[in-house]
Amino acid sequence: MVKTAEVSSADKENIVEHKRYIYGFSYIRSIACVAVVVLHTVYSAVLLFGNDITTRINIISMAVVNCMMWAVPCFVMVTGALLLQTERKISYRKLFGKYILRIFATLVIFGMVFRIFDIIMDKEPINLTAFLKGIYEIFTGTSWSHIWYLYLLIGLYLLLPFYKKITDNSSEKEIRYLLAVYIIFLSILPVLGIWGISCGFYIHVSTIYPFYLFGGYAVYKHIWHPGKAISLIMFVAGTLLIIGCTVVRWQYDIPAMEILWGYSSFFAIMQAVGFFALMENVKSTSFHVINWILLKLDKCSFGIYLIHMIFVRLILRYMEFNPYKNGGILAFVLLITGILIISFVITWILQRIPLLKKVI
């Protein structure tokens with residue numbers, strides 16, 4: 001539960017509004033967490049055992065992977081909806097002492113955990129050089145690939161004071177204009193690369209992620225909200241378009257089409273915005289068991305994100321378990337469920353340790 005002291009105003013209306021984070025936003029994070037585990041498990045299986053599967057199975061696997069690309073953008077959208085609100089004041093002391101320090105500590109701790117795991121599993125000599133390599137990997141971003149999200153968060157947090165100035169001082173029309181510029185220049189125009197066309201026009205922004213940050217804020221504040229029906233259509237249409245493009249990409253071997261399901265893909269934007277808009281206003285579900293599971297998953301979602309790849313690597317790479325040859329769909333379902341449960345339990349335990357509780 002979010003403490004009342006964290007609410008920007010003491011009046012009942014704002015307290016009720018703030019509690020909505022617990023349900024709508026918690027559901028988004030918990031479901032996105034499951035999607036991330038699905039994405040990484042299936043993609044790792046394709047990387048390791050892709051040479052032994054048929055084109056049809058490969059297409060199905062990659063379609064599953066590509067259809068999960070909305071998950072991380074939804075995490076970023078929740079962050080934007082929570083932190084960019086005008087009434088939420090974030091001092092530099094809080095920014096660096098709470099947000100950035102936490103993510104940096106997490107990066108260092110888990111970067112070294114993953115380095116130790118590699119040393120043990122790859123039977124590397126245990127010496128100072130092996131551990132210095134871990135520090136080098138953390139600095140250069142060459143540790144395990146899924147922790148790129150931590151670098152993303154640090155970058156967004158560093159610029160948060162300026163992002164807040166934009167939301168604090170912009171009209172709704174200006175926010176919509178900003179989102180449109182992001183979509184056109186960072187999502188739509190790059191698609192021309194499929195046909196070898198490079199657009200000479202660009203804006204001085206390197207990634208799509210600020211769009212998701214502002215997008216979460218805009219949808220939550222109803223500066224731009226597609227409504228429930230349109231949101232559902234956006235999510236379903238984005239998903240179907242990704243599936244169709246995945247089929248074409250692998251049937252006709254067109255690597256340039258990979259841009260159609262990255263985080264800057266317009267289809268992924270349709271999915272993320274559609275799912276976020278559908279879920280952000282959801283109240284507590286009447287199914288108490290489902291509500292309990294989702295809230296527990298949300299509380300442990302950050303830890304699950306960090307830890308699950310240990311078991312993905314251990315089972316698929318080092319134990320050489322091939323789900324394609326050992327049960328197919330059922331094997332994947334059991335594998336993903338097992339990894340999710342184990343990661344949840346470990347996170348729950350780690351959160352009982354005072355120092356680690358502040359990190360995960």
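Which residues gather in a patch of positive charge on the surface? They are Lys296, Lys299, Arg352 and Lys357. Keep in mind that what you are looking at is a predicted model. Let's start with that patch and then work through the charged pairs, the cysteines and a few other spots.

**Charges on the surface**

Take Lys299, one of the residues in the positive patch. You'll find Lys299 in helix α12. Its relative accessible area is 53%, and since exposed means over 50%, Lys299 counts as exposed.

**Charges that pair up**

Now for the charges that have found a partner. How many salt bridges does a search of the whole structure find? The search turns up eight. Here are three of them, with the distance between nitrogen and oxygen.

| Pair | N to O distance |
|---|---|
| Arg29 and Asp298 | 2.6 Å |
| Asp118 and Arg313 | 3.5 Å |
| Glu258 and Arg249 | 2.6 Å |

Begin with the salt bridge between Arg29 and Asp298. This pair links distant parts of the chain: Arg29 belongs to helix α1 (residues 12-49) and Asp298 to helix α12 (residues 288-318), 269 residues apart. Is Asp298 buried or exposed? With a relative accessibility of 11%, Asp298 is buried.

Next comes the salt bridge of Asp118 with Arg313. Asp118 sits in helix α4 (residues 92-121) and Arg313 in helix α12, so the two tie together parts that lie 195 residues apart in sequence. Asp118 is buried too, at 9% relative accessibility.

Then there's the salt bridge between Glu258 and Arg249. Glu258 is partly exposed, at 32% relative accessibility, whereas Arg249 is buried, at 7%.

**Cysteines without bonds**

How many disulfides does the count come to? The count is zero. Cys67 is in no disulfide, and the nearest cysteine sulfur, which belongs to Cys245, is 10 Å away. A disulfide needs the two sulfur atoms within 2.5 Å, so a gap like that rules one out. Cys67 is also buried, with 8% relative accessible area.

For Cys300, the nearest cysteine sulfur is that of Cys33, 8.9 Å away, and Cys300 is in no disulfide. Cys300 is buried as well, with a relative accessible area of 2%.

**A nonpolar patch**

Back to the surface for a moment. Which residues form a nonpolar patch there? Look for Tyr92, Phe96, Leu158, Leu159 and Phe162, which together have about 520 Å² of accessible area. Leu159, one of this group, is placed in the loop between α6 (148-158) and α7 (160-169). At 40% relative accessibility, Leu159 is partly exposed.

**One last stop**

Finally, have a look at Lys133, found in helix α5 (residues 128-140). Lys133 is partly exposed, with a relative accessibility of 40%. How far apart in space are Lys133 and Met112? From C-alpha to C-alpha, Lys133 and Met112 are 9.4 Å apart, while in sequence they are 21 residues apart.

How values were computed:
Residues numbered from 1 in each chain as written. Predicted model: local features only at pLDDT ≥ 70, side-chain atom pairs only at ≥ 80, totals over all residues. Heavy atoms only, no water. Salt bridge = Lys/Arg side-chain N within 4 Å of Asp/Glu carboxyl O. Helix = DSSP H or I, 4+ residues; strand = E, 2+ residues; numbered from the N terminus. Buried < 20%, exposed > 50% of the residue type's maximum accessible area, 1.4 Å probe, protein only. Patch = residues over 30% accessible without salt bridge, like charges linked within 9 Å, V, L, I, M, F, W, Y side chains within 5 Å. Areas by Shrake-Rupley, 256 points an atom, 1.4 Å probe, with all protein chains shown as cover. Lys, Arg positive; Asp, Glu negative; His and termini not counted. Charge placed at Lys NZ, Arg CZ, Asp CG, Glu CD.
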